[in-house]
Amino acid sequence: MGEPPCYQVPDPINGREEAMFSQGQLAPPPQHYQQPAFQADLEEEIRRLRKERQTLEAEKYVHEGELRELRKMKEDFQRLQTEKLSSVDNFQPEFDETIIQKFKMLESSVKSVARFISKLKTQLGPAEWKSALAPHLWSAPNTVVDMIDFQDENLRPKLLKSMTWKFLQGYLLRSPFLCYGVQLGERFDGLFTSLFPEPRKSSHVRILCTTSHMEG
Amino acid sequence: MARLNSFERSQDEVDLTEFLIEQFKILLEQLGYEAAEKDLRRKLAQPLDRAIKLAKLVANQRAIIQLYEPEFSKYLERQKKEDDSWMTNVDSTEGDDHEIAGDVATPITPALLKYGNGMGAHLRAKPTVLVKSLVILMG
């Protein structure tokens, strides 16, 4: 094994033109280029550029350090934020059984209202009463409504129950905001509906829901 | 939202109850009924209170819990099965009937559906039927 060949790497500023000139890639410099005055100016410019480069490299080193510091601060902040939010978000969902129980209790009350109404005497005739009640039942084609015997004494409380449920659905239960008051609820409901026409398909709904609980 | 939840029988809730009573009176008038004011208020007090409480309970869940407003076309397409997972013809408060298959005349009580789990995940998944819709069958 002999000594590895030693390549002289030309100086990027000083040696580049000389190397190219020696390799025949560059024409000989013109006469005025070799004049001492120009030479001195160039060397001065090279020194200035070298100094500037050193200054920029030093600044780059400082900025890289600052960037590392900022990255670390960001990571620390995100970690602390996650820890803090996880302790603030103490939401506990209600058991299904509780919700079902409340629904059943309401169902029982609705039935009581329907019985109360069915004992009242209506001033409308059978046909008028049927026409008046039909739009307040759950949606059903006229052909099906025509097949229902509205004068059936056993059926009447059930139809009035259907009407009462639809009333509660329309004025209160169809939206999560209507229970917070007439004006406020309708305003929120309008805003929410325009923002999220299909709430289940929007991930923002979950974020809204989560943050609203966390504010408490 | 949390601030809104903090009240119990606030002025907003009183106003809401009053609004619902007035709307229900209008509905009864359309049907030709004349109920004594005092009797009507007494009869509506409990259901409206329970309805508002249920609405608030449901509104505070991250799962989306909805009354299923039946689309009648679906009922026409399929009859109620004896072991139907969405509908029942048995009124639990009556307890004098048994599940049968048949054509649906009209729904009486809406179904109560829950979309997603308790923490609000999987909202697009198939809903859980918490309470079946009570329906009247033809004939």
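Mentor: With a definition: helices (H or I, at least four residues) and strands (E, at least two) are DSSP runs, numbered from the N terminus. Keep in mind that this is a predicted model.

Trainee: How many helices and strands does chain A come to?

Mentor: Read along the sequence, the pattern of chain A is α-α-α-α-α-α-α-α. The count for chain A is therefore eight helices and zero strands, given that runs of H or I with at least four residues are helices.

Trainee: What share of chain A is buried?

Mentor: A residue is buried if 20 or more other C-beta atoms lie within 10 Å of its own. Chain A has 216 residues, and the buried share of them is 19%.

Trainee: What span does H3(A) reach from its first C-alpha to its last?

Mentor: H3(A) has 24 residues, and at 1.5 Å a residue 34 Å is expected. Its buried residues include A:Ile99, A:Phe103, A:Leu106 and A:Val110, and also the charged A:Lys102, A:Glu107 and A:Lys111.

Trainee: Which element supplies the largest share of the largest nonpolar core?

Mentor: The largest nonpolar core has 39 residues, and A:Leu172, A:Cys179, B:Ala51, B:Ile52 and B:Ala55 touch the most other members. At least two residues each come from H3 (96-119) and H6 (155-173) of chain A, and from H2 (11-30), H3 (37-59), S1 (64-68) and S4 (111-115) of chain B. The largest share, nine residues, is supplied by H3(B).

Trainee: Which residues of chain A does B:Ile52 touch?

Mentor: Residues up to four places away in sequence are not counted here. In chain B, the contacts of B:Ile52 are B:Glu13 and B:Leu16. In chain A, B:Ile52 touches A:Leu172 and A:Cys179.

Trainee: How many residues does the contact take from each chain?

Mentor: On the side of chain B that touches chain A, the largest share is 14 residues, from H3(B). By class, that side has 39 nonpolar, ten polar and ten charged residues. The contact takes 60 residues from chain A and, from chain B, 59.

Trainee: At what angle do the axes of H6(A) and H2(B) cross?

Mentor: H6(A) passes H2(B) in a right-handed crossing. The contact is made by A:Phe167, A:Tyr171 and A:Leu172 of H6(A) with B:Leu20, B:Gln23, B:Phe24 and B:Leu27 of H2(B). By class, these are six nonpolar, one polar and no charged residues. The axes come within 11 Å and cross at roughly 145°.

Trainee: Is B:Asp103 buried, partly exposed or exposed?

Mentor: B:Asp103 lies in the loop between S2 (87-88) and S3 of chain B, and touches B:Gln79, B:Leu137 and B:Met138, not counting residues up to four places away in sequence. Buried needs 20 or more other C-beta atoms within 10 Å, and exposed 12 or fewer. B:Asp103 has 15, so the class is partly exposed.

Trainee: Why does B:His122 count as exposed?

Mentor: B:His122 is found in the loop between S4 and S5 of chain B. Its phi is near 60°, a positive value in a residue other than glycine. Most residues other than glycine have a negative phi. B:His122 is exposed because the number of other C-beta atoms within 10 Å is 12.

Definitions and conventions:
Residues are numbered from 1 along each chain as its sequence is written. Chains are lettered from A and ligands numbered from 1 in the order in which they are written. This is a predicted model: local features need pLDDT of at least 70, side-chain atom pairs count only at pLDDT 80 or more; totals for chains, interfaces and linings use all residues. A nonpolar core is a set of buried Ala, Val, Leu, Ile, Met, Phe, Trp, Tyr and Cys residues joined through C-beta atoms within 7 Å. Two residues are in contact if their C-beta atoms, placed from the backbone, lie within 7 Å. The expected span of a helix is 1.5 Å times one less than its number of residues. Axes are lines fitted to C-alpha atoms, for helices over the stretch in contact, and angles run from 0 to 180 degrees between N-to-C directions. A crossing is left-handed if the near helix is turned anticlockwise from the far one by less than a right angle, and right-handed if clockwise.
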